[in-house]
Amino acid sequence: GSGVGLAIAVALAKEGASLCLIGRRLEKLEAAASEAQSSGARVVCCRADLAKDADLIELMRRLSVDVDGVDILVHSAAVLQRAPIESASLDEFDTHYRVNVRAPYALTQVLLPALRSRRGEVVFINSSSSIMAKPQFAQYDSTKHALKALADSLRAEVNSDGVRVLSVYLGRTATEMQARIHEKEHKAYRPELLLQPGDIASIVLSAL
């Protein structure tokens with residue numbers, strides 16, 4: 001519905017892809033759908049909060065029933081809360097794990113038969129944090145390490161079936177999340193100095 005996910009969705013629509021958009025904010029999904037439909041794309045919106053088991057289970061059920069073919073699966077949802085390990089709550093850590101690792105695992109699992117049948121591609125939007133962790137970002141960085149492991153394991157399992165797995169490790173990118181990080185760090189947010197979602201989308205499409 002926003003940021004890098006939105007940019008990739010719109011770019012795919014311009015290349016003729018039909019889209020199934022997933023996110024927790026329906027109004028954002030509908031706005032993204034409208035933008036994609038201006039390129040002639042067919043779009044379905046699935047509202048789901050990936051941190052909630054009930055939403056994830058219903059989403060997986062719906063996808064297994066309604067989606068008969070998948071060529072590309074893009075994982076771009078993420079949450080980030082900055083806090084030192086000493087004071088960060090376990091509930092916050094659990095939310096990071098559910099959205100950043102568990103949901104991509106579950107959605108990949110349920111869609112893997114469809115991806116195999118079409119020799120599809122899976123894209124994990126990751127972070128440079130998966131390679132080098134930082135103080136006060138342990139919750140986020142540890143889940144991004146885990147996401148890298150998930151992608152690397154998946155790649156080794158499915159490459160022989162013709163399924164490609166791509167991980168993209170972003171630096172600081174001009175998104176809503178980055179604006180919140182700058183605010184927490186008491187820094188001026190200057191998006192024009194950061195990576196742009198459209199640039200990320202063009203790299204992903206080139207790789208695909």
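Reader: Hi! Where does Gln136 lie?

Author: Hello! In this predicted model, Gln136 is found in the loop between strand 4 and helix 5.

Reader: And what is the phi of Gln136 like, given that it is not a glycine?

Author: Gln136 has a positive phi, about 70°. For background, most residues other than glycine have a negative phi.

Reader: Is Gln136 exposed or partly exposed?

Author: Partly exposed, because its relative accessibility is 36%, and that class covers values between 20% and 50%.

Reader: Which loop holds Arg119?

Author: Arg119 sits in the loop that joins helix 4 to strand 4, the strand made of residues 121–127. Arg119 is not a glycine either, yet its phi is positive, at about 50°.

Reader: How accessible is Arg119, then?

Author: Arg119 counts as exposed, because its relative accessibility is 57% and the cut-off for exposed is over 50%.

Reader: Thanks! Switching to the helices now: how do the axes of helix 4 and helix 5 cross?

Author: Helix 4 covers residues 90–118 and helix 5 covers residues 138–158; their axes come within 9 Å and cross at roughly 15°. That angle makes helix 4 roughly parallel to helix 5, since angles under 35 degrees fall in that class.

Reader: Left-handed or right-handed crossing?

Author: Right-handed, as helix 4 passes helix 5.

Reader: Which residues meet there?

Author: On the helix 4 side they include Phe93, His96, Tyr97, Val101, Pro104, Tyr105 and Leu112. Helix 5 contributes, among them, Tyr140, Ala146, Leu147, Leu150, Leu154 and Val158. By class, the contact has 12 nonpolar, 6 polar and 3 charged residues. Glu92 and Arg116 in helix 4 and Glu157 in helix 5 are also part of the contact.

Reader: Nice. Stepping back, how many helices and strands does the chain have?

Author: There are 7 helices and 5 strands. Starting at the N terminus, the elements follow the order α-β-α-β-α-β-α-β-α-β-α-α.

Reader: How compact is the chain?

Author: It is as compact as a globular protein of its length, because its radius of gyration of 17 Å is close to the 17 Å that the globule rule gives for 208 residues. The C-alpha trace spans about 45 × 35 × 30 Å along its principal axes.

Reader: What share of the residues is buried?

Author: Buried residues are 40% of the 208 in the chain.

Reader: Last one: what part of the contacts comes from residues 24 or more positions apart?

Author: Such pairs make up 65% of the contacts with a separation of 6 or more.

Notes. Residues numbered from 1 in each chain as written. Predicted model: local features only at pLDDT ≥ 70, side-chain atom pairs only at ≥ 80, totals over all residues. Heavy atoms only, no water. Axes fitted to C-alpha atoms, helices over the stretch in contact; angles between N-to-C directions. Helix = DSSP H or I, 4+ residues; strand = E, 2+ residues; numbered from the N terminus. Parallel < 35°, antiparallel > 145°, perpendicular 65-115°, else oblique. Left-handed = near helix turned anticlockwise from the far one by under 90°. Contact = heavy atoms within 4.5 Å. Nonpolar A, V, L, I, M, F, W, Y, C, P; charged D, E, K, R; others polar. Rg over C-alpha atoms; globule rule 2.2 N^0.38 Å. Buried < 20%, exposed > 50% of the residue type's maximum accessible area, 1.4 Å probe, protein only.
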